[in-house]
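The report below describes the packing of one protein model, with the sequence and structure shown first.

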Amino acid sequence: MTDTVQCWLVERSFGDRNLVTVIYATEDGALYRQQERSEHAVRRSPVTAGAAFPAAELEETPDEETRERYAKEAKRTAASYEPDEEI
């Protein structure tokens, strides 16, 4: 069985190639997962406040400043939304 880790949406940006980049992070900001999705895919399957990922698919946040920013945003998102809520 694969361990999963609850993560929260901390960043979303829209690129010039009709791609949406979403970043989910753990509440302590130490681990994150970045995904690029087409705008069409986002319309079919909207971005949710939370997502559970296999631990092996998460990366360590590269620096302390980013880690603190991710932690602050993840905690805010977790306090304001249910994991499966569209955001």
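On the face of α2 that is turned away from its buried side lie the exposed residues E65, E68, K72 and A79, where exposed means over 50% relative accessible area, buried under 20% and partly exposed in between (1.4 Å probe, protein chains only). The model is predicted, so local features need pLDDT of at least 70 and side-chain atom pairs count only at pLDDT 80 or more, whereas totals for chains, interfaces and linings use all residues. Residues are numbered from 1 along each chain as its sequence is written, and side-chain values use heavy atoms, with hydrogens and water left out.

Helices (H or I, at least four residues) and strands (E, at least two) are DSSP runs, numbered from the N terminus. Helix α2 (residues 64-80) has 17 residues and reaches 24 Å from its first C-alpha to its last, close to the expected 24 Å, a span taken as 1.5 Å times one less than the number of residues. Its buried residues are T66, Y70, A71, A74 and T77; seen down the axis of α2, they fall within an arc of 140°, so they line one face of the helix, the arc being that of the directions from the helix axis to the C-beta atoms. These buried residues pack against β1, β2 and β3.

| Residue | Contacts (within 4.5 Å) |
|---|---|
| V47 | L9, R12, V22, Y24, R37, V42, E85, E86 and I87 |
| T26 | V5, Q6, C7, L31 and A74 |

T26 lies in the loop between β2 and β3 (31-38) and is buried, with a relative accessible area of 8%. The side chain of T26 makes a polar contact with that of D28 at 2.6 Å; such a contact is a pair of N or O atoms within 3.5 Å, and within protein one must be able to donate a hydrogen and the other to accept it, while residues adjacent in sequence count only if both atoms are side-chain atoms.

The largest nonpolar core has ten residues, namely C7, L9, V20, V22, Y24, V42, V47, A51, F53 and L58; a core of this kind is a set of buried Ala, Val, Leu, Ile, Met, Phe, Trp, Tyr and Cys residues joined through side-chain atoms within 4.5 Å. At least two residues of this core come from each of β1 (4-14), β2 (19-25) and β4 (50-54), and β2 supplies the largest share, three residues.

How values were computed: Contact = heavy atoms within 4.5 Å. Lists of a residue's contacts leave out its neighbours within four places in sequence.
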